Amino acid sequence: EHIYKEFPIHSMNPFTPSVSVKAVEDASIALYPGRATALVGESGSGKTTVARMLARIYDPTAGTMRFRDEEVKYKGRRAASSLRAYRRHIQMVFQDPFSSLNPVHNVRYHLSRPLRVHGHAKTEQEVTEQVLSLLRRVSLSPAEQFIEKFPHQLSGGQRQRVAIARALAARPEVVLADEPVSMLDVSIRLDILNLLTRLKDEEQLAFLFITHDIASARYFAEDTLVMYAGQMVEGGPSDEVIQTPKHPYTQLLLSVAPDPDRVQQVIDHGNTAVPTRGEIPSLIKPPTGCRFHPRCPHAMPICSEQKPARTEVSPGHWTHCFLYDQPGENSQQQQRTPI
Ligand code: SF4
């Protein structure tokens with residue numbers, strides 16, 4: 001809830017002051033079992049930093065994180081002791097299947113390690129049975145043929161399936177998937193998204209799906225959040241955000257994306273969803289007011305002076321923009337219990 005992250009940059013020159021990069025400001029995310037939330041934005045928007053804070057790879061500079069209604073202790077004496085227990089529930093799948101597996105270890109090693117670390121298997125026989133079961137859950141079959149293979153003997157899609165199986169080995173409740181298909185061959189992107197969809201539905205996993213591709217967000221995630229320059233600018237049910245985008249930045253993202261209704265075409269060309277006009281501003285000294293105002297075609301004088309508040313434009317669909325300063329008529333959100 002309302003988490004912030006600044007990265008200090010210390011100057012070695014006594015005449016140049018140290019500065020900090022305001023990478024994430026006031027980000028709020030709730031994740032739910034059996035549901036995916038997509039975090040969409042350009043490179044440098046802060047979406048990976050948010051995921052790394054949720055994974056506790058980075059600690060927030062300020063703000064509160066809750067898991068199962070309890071505050072996550074990321075500062076003070078209890079921070080280290082709670083880390084291992086927390087990480088068991090929250091696993092990451094990274095973008096690059098080629099660097100996420102250690103080339104000197106085989107599949108058995110990669111999957112048995114989290115099983116042992118988290119105490120899910122003790123004897124050699126238990127480990128083997130569970131590794132085979134994990135391989136079947138990610139549709140690497142016959143599993144017996146994959147268990148002794150090394151990363152260089154696997155295709156990119158097979159490596160990503162092993163990386164997903166490794167995340168599942170910890171028996172997490174939440175999976176943070178950081179651009180899990182963007183480095184894969186176009187012919188297998190949809191297969192991996194379908195695998196993640198099956199795991200989400202059948203195993204009731206909560207997903208945070210990080211992507212720059214707004215169309216695959218719609219395909220996989222029930223909810224979409226759009227980030228710009230470290231801030232969340234729009235969010236809501238994916239269909240609504242993509243069919244009726246309100247924030248000018250979301251509109252810009254969609255204007256350069258292939259047709260989001262044609263999922264196969266979009267996933268085949270998923271790397272093209274990058275706005276062509278302007279760049280994300282420096283986060284050392286971000287623009288005042290609305291951070292999008294230097295690029296916004298609708299900017300008004302107030303936009304550079306004040307930060308727009310969150311406005312609900314329809315049930316569950318909100319944005320931060322002065323173009324929508326009237327709250328929606330029906331602002332009641334559907335109630336779910338977040339993880
Ligand atoms: Fe554009 Fe102003 Fe809305 Fe920001 S607040 S997106 S500058 S209209």
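Trainee: Which hand does the crossing of helix 3 and helix 6 have, left-handed or right-handed?
Mentor: Good place to start, and keep in mind that this is a predicted model. Helix 3 covers residues 107-117 and helix 6 covers residues 156-169. Where helix 3 passes helix 6, the crossing is right-handed.

Trainee: And which residues make that contact?
Mentor: By residue class, the contact of helix 3 with helix 6 holds seven nonpolar residues, one polar and one charged. Helix 3 brings Val 107, His 110, Leu 111, Pro 114 and Leu 115. From helix 6 come Val 162, Ala 165, Arg 166 and Ala 169.

Trainee: Are helix 3 and helix 6 roughly parallel or roughly perpendicular to each other?
Mentor: Their axes lie 8 Å apart, and the packing angle is about 20 degrees. An angle under 35 degrees counts as roughly parallel. Helix 3 and helix 6 are therefore roughly parallel.

Trainee: How is helix 3 oriented to helix 4, roughly parallel or roughly perpendicular?
Mentor: Helix 4 spans residues 124-137, and its axis comes within 9 Å of that of helix 3, crossing at roughly 110 degrees. The range from 65 to 115 degrees is the one to check against. Because the angle falls there, helix 3 and helix 4 are roughly perpendicular.

Trainee: What residues of helix 4 does helix 3 meet?
Mentor: This crossing is right-handed. The residues in contact divide into seven nonpolar, three polar and three charged. On the helix 3 side they are Val 107, Arg 108, Leu 111, Ser 112, Leu 115 and Arg 116. Those of helix 4 are Glu 124, Val 127, Thr 128, Gln 130, Val 131, Leu 134 and Leu 135.

Trainee: Is Cys 296 buried or exposed?
Mentor: Its relative accessibility is 18%. The cut-off for buried is under 20%, so Cys 296 counts as buried.

Trainee: What about Cys 303, buried or exposed?
Mentor: Here the relative accessible area is 8%. With the cut-off at under 20%, Cys 303 is therefore buried.

Trainee: How many disulfides are there?
Mentor: The rule asks for a pair of cysteine sulfur atoms within 2.5 Å. Applied to this model, the count of disulfides is zero.

How values were computed. Residues are numbered from 1 along each chain as its sequence is written. This is a predicted model: local features need pLDDT of at least 70, side-chain atom pairs count only at pLDDT 80 or more; totals for chains, interfaces and linings use all residues. Side-chain values use heavy atoms; hydrogens and water are left out. Axes are lines fitted to C-alpha atoms, for helices over the stretch in contact, and angles run from 0 to 180 degrees between N-to-C directions. Helices (H or I, at least four residues) and strands (E, at least two) are DSSP runs, numbered from the N terminus. Angles under 35 degrees count as roughly parallel, over 145 as roughly antiparallel, 65 to 115 as roughly perpendicular and the rest as oblique. A crossing is left-handed if the near helix is turned anticlockwise from the far one by less than a right angle, and right-handed if clockwise. Contact means heavy atoms within 4.5 Å. Ala, Val, Leu, Ile, Met, Phe, Trp, Tyr, Cys and Pro count as nonpolar, Asp, Glu, Lys and Arg as charged, and the others, Gly among them, as polar. Buried means under 20% relative accessible area, exposed over 50%, partly exposed in between (1.4 Å probe, protein chains only).
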